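Please open the model in a viewer and keep the sequence at hand.

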Amino acid sequence: MKVTVLGCGSSLGTPSAGGFWGKCDPDEPKNRRTRASILVQSETTNLLIDATVDVRTHLNGISLKKLDGVLLTHDHSDHVNGLDDLRPIAYHGNNLIDVYSHNETLEEIDRRWPYLFRPKANGIYVEFLRKRPVGYDEEFRIGDIDIATFEQDHTTCSTLGFRFGDFAYSVDVANLSDAALAALEGVETWIIDSAAYQKEAVGTHANFQRIFEWTERLKPKMTYLTVLTTHMDYKTLCDELPPHIRPAYDGMVVDMEGNRR
Ligand SMILES: [Zn+2]
């Protein structure tokens, strides 16, 4: 299995609209960040985690034509506003695409865009997604990939954390309960939200202090930071972080042993 970081930016990307780079060096290619999403792949199974407004660019960039499922962490716009662009993948696969998330997330998406799941105008516009509700602390399998979920605290809502064997993906999380940390025990490679960076007061995202506490407890071989804001320059982060914690970058590929390729 391999994991591709399709995007590692925060909700507005880097640079944000208007060409605002913040503290990021515009001459560093790894500072150019699209919205946070990953692809988890085995030889036969492709799973997309979150469907951002950048999904068309993401999938075309790696010539991906088939999806076996989409896993959504929560319903915030920067994680779901690209669902519409998955229509050709469903048509060419001649099947509905299964979208897995907590029931609350699926129902909110259904409320916003009911045509994704139901035919409209007497079948002229046909649905192309299928709801697949999953709970917290649930285990299931898509294709040949085993998945376990856990609940994360995003302050304004709960989000789904996903574990795939030795790898886990945690975005949009301000705090992790003991139960969530227990679900992460033994993870060797972890991609974790870090958008609160060096802020002391944590709002809706994790800051470095918490990430250091968590990694000290979980001891993953490698931890990669995602949801990187315009305050977070790639080279500066590399200097500030210990070698077992690295900033992600768009297009980064990680295998399950935690080695970048
Ligand atoms: Zn969010």
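How many bridges join strand β7 to strand β8? Select residues 139–142 for β7 and residues 145–153 for β8: 4 bridges join these strands, which run antiparallel. The model is a predicted one. Within this pair, I142 stands opposite I145 in β8. Now select G143. The hairpin of β7 and β8 has 2 residues between the strands, and G143 takes a positive phi near 60° there.

Highlight F164, whose bridge partner in β10 is F167.

F167 is the next stop, and it is found in strand β10 (residues 167–170). Is F167 buried or exposed? F167 counts as buried because it has 24 C-beta neighbours inside 10 Å, the cut-off for this class being 20 or more. Show V3, V187, T189 and M256 as well: F167 is in contact with these residues, leaving aside its neighbours within four places in sequence. Then select T215, which lies 48 residues from F167 in sequence and 14 Å from F167 in space, C-alpha to C-alpha.

Turn now to the other sheet of this tour. Its order is β6-β5-β4-β3-β2-β1-β14, with 7 strands in an open sheet and mixed pairing. At its edges are β6 (129–133) and β14 (253–255), each pairing on one side only. Neighbouring strands of this sheet are turned by 25° against each other on average, direction ignored. Select residues 2–7 for β1 and residues 37–41 for β2: the two strands run antiparallel and are joined by 5 bridges. In this pair, G7 stands opposite S37 in β2.

In soluble globular proteins, nonpolar side chains tend to be buried together. Here the largest nonpolar core has 64 residues, and those with the most contacts inside it are I38, I49, V70, I97 and A248. Finish by selecting I49, which touches S37, I38, V40, L71, F162 and Y169, not counting residues up to four places away in sequence.

Terms used
Residues are numbered from 1 along each chain as its sequence is written. This is a predicted model: local features need pLDDT of at least 70, side-chain atom pairs count only at pLDDT 80 or more; totals for chains, interfaces and linings use all residues. Two strands pair if DSSP finds at least two bridges between them. Axes are lines fitted to C-alpha atoms, for helices over the stretch in contact, and angles run from 0 to 180 degrees between N-to-C directions. A residue is buried if 20 or more other C-beta atoms lie within 10 Å of its own, exposed if 12 or fewer, and partly exposed in between; C-beta atoms are placed from the backbone. Two residues are in contact if their C-beta atoms, placed from the backbone, lie within 7 Å. A nonpolar core is a set of buried Ala, Val, Leu, Ile, Met, Phe, Trp, Tyr and Cys residues joined through C-beta atoms within 7 Å.
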